[in-house]
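Hi,

Here is the structure I said I would pass on.

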Amino acid sequence: MLALNETWYLVLAAMIFTIGSVGLLTRKNPLVMFMCVELMLNAVNLTFVTFSKALDDIAGQAIVFFVMVVAAAEVVVGLGIIVAIMRRRQGANADDISLLRG
Amino acid sequence: MRVEMFTFLLTAAICLAGSAGVVLLRNPVHNALSLVATLFGVAVLFIQQGAYFLAAIQVIVYAGAIVILFLFVIMLLGVDKAEGLDRDPILGQRPAAIAAGVAILGLSLTALLSVGSRVTGQASTLAAIDGSEPNINALAKVLFTDYVFAFEITSVLLTVAVVGAVVLSRKAGPAIDVAEFPEGTTADLLQAKYDAAAVEQEVLEEVATEDETPEGEAETTEEALR
């Protein structure tokens, strides 16, 4: 049986990141696009933690902490924007929102 | 080792199925629930690698707060209807996206698998995880010494995000009535108001003397007029 080492985690993170990026490029619902961004961020977090363990360095986990904070802030502002847009135009998708004016 | 491998494979399957669900399912609510599965799987992988604090944060903040926020917005906007995935507005968008995905995966897998089973890079000498202290203590130590400035900036960022969200999602109030704000300085306006009140007072006094009513009744009239 193959031994479990860092490469397994990194490959899994690469897969999650790829799925997230493909979803971000194909989906049109802004909410689902945000979820795909969350997937990508989580894949990167997993990579950080894996390297933190492999290189025996706690700094990797500190970076993950900051990534989570930034992700939370991003979601709050992004959902605020989406709510503001959807109030004005029901059922808008990412392709409809192409003008930078109200 | 066998248990670790089993846990990893099971969790990896959950993660991949969850992320596939986020991309492929049509209903936004199902997407959000798939996202929970992936986030939970990543939390398990964090625990497996000794990042206990981050695993707890992952479950509490991500699965607990962020996904709930997503669900709130989905319900608030009423967009929990299936989205037609068959319409492709930009010609060739989907094949191009899949090609980009294959390229990203191919590149990263090549980079990962070509170096062999060990991670390259310099092992830490300063912030080593020696296992003598709990994970939370080690993380707190580095967070409040080396990264304390970043930590403070983080608090500013969160405040800005909250204020921004309030400003963005606030409903616009009624337009300001210009008649309510006549021209002139505040002092002038107050003076005019004071003069008007004085004139009114004089009129009332005149009325009171003309009618020759008792003091108490005059006051009552005055109050009623006001």
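A word on conventions: residues are numbered from 1 along each chain as its sequence is written, while chains are lettered from A and ligands numbered from 1 in the order in which they are written. This is a predicted model, so local features need pLDDT of at least 70 and side-chain atom pairs count only at pLDDT 80 or more, whereas totals for chains, interfaces and linings use all residues.

On confidence, the predictor gives the complex an ipTM of 0.90 and a pTM of 0.77. Chain B averages a pLDDT of 82, with 74% of the residues scoring at least 70 (pLDDT is the predictor's confidence in each residue, from 0 to 100). Helices here are DSSP runs of H or I with at least four residues, strands are runs of E with at least two, and both are numbered from the N terminus.

Now the interface. 71 residues of chain B are in contact with 66 residues of chain A, where contact puts two C-beta atoms, placed from the backbone, within 7 Å of each other. On the chain B side, H1 (2–24), H2 (28–48), H3, H4 (93–114), H5 and H6 each supply at least two residues, and H4(B) gives the most, with 12. That side divides into 54 nonpolar, 14 polar and 3 charged residues.

Next, the inside. The largest nonpolar core has 60 residues; such a core is a set of buried Ala, Val, Leu, Ile, Met, Phe, Trp, Tyr and Cys residues joined through C-beta atoms within 7 Å. Buried means 20 or more other C-beta atoms within 10 Å of the residue's own, exposed means 12 or fewer, and partly exposed is in between, with C-beta atoms placed from the backbone. H2(A) gives the most to this core, with 15 residues. Among the residues with the most contacts inside the core are A:Cys36 and B:Phe46. Leaving aside neighbours within four places in sequence, A:Cys36 is in contact with residues of both chains, including A:Gly20, A:Leu24, B:Val22 and B:Val23.

Helix H5 of chain B (residues 135–143) is worth a look too. Its buried residues are B:Asn135, B:Ala138, B:Leu139 and B:Leu143. They cover an arc of only 130° around the axis, which puts them on the same side of H5(B); the arc is that of the directions from the helix axis to the C-beta atoms. These residues pack against H3 (59–88) of chain A together with H3 (52–77) and H6 (148–169) of chain B.

B:Ser169 lies in helix H6 of chain B and counts as partly exposed, with 18 C-beta neighbours inside 10 Å. Not counting residues up to four places away in sequence, B:Ser169 touches A:Gly80, A:Val83 and A:Ala84. A:Asp56 is found in the loop between H2 and H3 of chain A, and its phi is near 60°, a positive value in a residue other than glycine. Most residues other than glycine have a negative phi. With 16 C-beta neighbours inside 10 Å, A:Asp56 counts as partly exposed.

Cheers

Definitions and conventions. Nonpolar A, V, L, I, M, F, W, Y, C, P; charged D, E, K, R; others polar.
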